[in-house]
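Q: I would like to go through a structure step by step. Could we begin with the terms and then turn to the details?

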Amino acid sequence: MGRRTRTTLTAATAAALSAALAGPAAAAPPTGDHEATRRAVRAAVAEGVPGVSVTVRERGGGTWATTAGVGDLRTGEPRSTRDHYRIGSAAKTFIATVVLQLEAEGELSLDDTVEKWLPGVVHGHDHDGSRITIRQLLNHTSGVFDVLADETFQRTYMLEDGFLRHRFDRVTPRELVAMAMTHRRDFAPGTSWKYSNTNYILAALVIERITGRPYGEAVERRIIEPLKLTATSVPRTRTTVPRPSSRAYGKLARTPDGPTHDVTEFHPSFAYSGEMVSDSADLNRFFSALLRGEVLAPRQLKEMRRTVPTTKKNERYGLGLRSYRLTCGRTVWGHGGDIHGSSSMAVTTRDGRHSLAVNFNGDWAGETKAVVEAEFCGR
């Protein structure tokens, strides 16, 4: 999922956080003191994030981790560096990786049209699947309308009244695509760039058409099991997050007002291409292995890193993979993810030797990129 509703903490919530501003740290870092990263983590909590968990994997395989704030506003239990959490749009990198593996095996071409694999699905208003390629889905140049921008979707699954009534409803991916098709496309395919979650719902459906099985099975067999990502899963119908985990909090509102809601449990189907669960250690392992060439063949990795401009000056988008040029001039590769009660970012250097994954268990305050800046730029 790619959109967030930002609000400020209520006074009661802020008071609950004050006693847990600085959470426990893991073993001493193998290199450096990570003081800038510690400050950024504490600053996020001071800005209103309930709790933060961050893990760094460094050259030579050493790890460092720290937390701040709370994982449970009711009990005051601190966050854990081992927390599982919903990773939202960071799942797009997993989906793109499977598509590129299928391409390497000759099962599809990035230049195949969506219509070839999903006949009649991308049709409505001026959407035309015969003019959209799989590559354009993966790098968000398709022009396909983002279902998250649909007012009915927002009222039903993102705002307070609808979410509290429908949080355990099941919706199919084709229903989500059909909802998007009630709108005009954003632009003609290949002529611009705009982030659209619908693109990756379609990419997941292409995987399912080719393999004959749910896309999550392909992610598990091709990525999770070979890399031994023991904390990573595709939940399908599971409404809970595996333990250990913190509670997840959201405002469920368009404005900075209103109460804080516990949004930990919900049916993940409305977030079809952003439903995955992981932890920071697993995300570091995945993105490090990916950029080191351990998951994709060289040609497919090169295609994944072939980027196009986005709407942000210092960010570019490849095939399910972002590049971020930081203020100090360094570039890191990875993906962020926002979903109800969870905001995450996982990045690594081009050689995969220095990785960071961070999670906020609230979706309305703070910037995960500030923690990335602190770790890789020292400020």
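This is a predicted model: local features need pLDDT of at least 70, side-chain atom pairs count only at pLDDT 80 or more; totals for chains, interfaces and linings use all residues.

Q: OK, helix pairs. How is a packed pair described?
A: Two packed helices are described by the angle between their axes and the distance between the axes.

Q: At what angle do α3 and α9 cross, then?
A: The axes of helix α3 (residues 91-104) and helix α9 (residues 197-211) cross at roughly 40 degrees and come within 10 Å. The two helices are therefore oblique to each other; angles under 35 degrees count as roughly parallel, over 145 as roughly antiparallel, 65 to 115 as roughly perpendicular and the rest as oblique.

Q: Is that crossing left-handed or right-handed?
A: The crossing of α3 and α9 is left-handed. A crossing is left-handed if the near helix is turned anticlockwise from the far one by less than a right angle, and right-handed if clockwise.

Q: Which residues meet there?
A: From α3, Lys92, Ile95, Ala96, Val98, Val99 and Leu102 meet Asn197, Tyr200, Ala203, Ala204, Ile207, Ile210 and Thr211 of α9. Contact means heavy atoms within 4.5 Å. The residues of this contact divide into 10 nonpolar, two polar and one charged. Here Ala, Val, Leu, Ile, Met, Phe, Trp, Tyr, Cys and Pro count as nonpolar, Asp, Glu, Lys and Arg as charged, and the others, Gly among them, as polar.

Q: What about α3 with α11?
A: The axes of α3 and helix α11 (residues 280-291) come within 12 Å and cross at roughly 40 degrees. This crossing is left-handed. Thr93, Phe94 and Thr97 of α3 make the contact with Leu283, Phe286, Phe287 and Leu290 of α11. By class, the contact has five nonpolar, two polar and no charged residues.

Q: And how are α2 and α13 placed, roughly parallel or roughly antiparallel?
A: The axes of helix α2 (residues 35-47) and helix α13 (residues 368-377) cross at roughly 165 degrees and come within 7 Å, and the two helices are therefore roughly antiparallel to each other. Their crossing is right-handed. In this contact, Ala36, Thr37, Ala40 and Val41 of α2 meet Ala370, Val371, Ala374 and Glu375 of α13.

Q: New topic: the core. Which residues touch the most other members of the largest nonpolar core?
A: Phe94, Leu138 and Phe153 do, in a core of 80 residues. The largest share of this core, nine residues, comes from α9. Apart from it lies another core, of 29 residues, among them Ala36, Ala40, Val332 and Leu356. A nonpolar core is a set of buried Ala, Val, Leu, Ile, Met, Phe, Trp, Tyr and Cys residues joined through side-chain atoms within 4.5 Å. Buried means under 20% relative accessible area, exposed over 50%, and partly exposed in between (1.4 Å probe, protein chains only).

Q: What is Leu138 in contact with?
A: Leaving aside neighbours within four places in sequence, Leu138 is in contact with Ala96, Val99, Leu110, Tyr200, Ala203, Tyr317, Gly318, Leu319 and Gly320.

Q: And Met179: buried or exposed?
A: Met179 counts as buried, because its relative accessibility is 19%. Met179 is placed in helix α8 (residues 173-180). With neighbours within four places in sequence left aside, Met179 is in contact with Val147, Asp150 and Phe153.

Q: Now the backbone. Which peptide bond is cis?
A: The bond from Arg243 to Pro244 is cis, with omega near -5 degrees. Pro244 is in the loop between α10 (215-224) and β6 (249-250).

Q: What is the phi of His125 and of Leu252?
A: His125, although not a glycine, has a positive phi of about 55 degrees. Leu252, also not a glycine, has a positive phi of about 55 degrees. His125 lies in the loop between β4 (123-124) and β5 (127-128) and is exposed, with a relative accessible area of 55%. Leu252 is in the loop between β6 and β7 (261-262) and is buried, with a relative accessible area of 6%.

Key:
Residues are numbered from 1 along each chain as its sequence is written. Side-chain values use heavy atoms; hydrogens and water are left out. Axes are lines fitted to C-alpha atoms, for helices over the stretch in contact, and angles run from 0 to 180 degrees between N-to-C directions. Helices (H or I, at least four residues) and strands (E, at least two) are DSSP runs, numbered from the N terminus.
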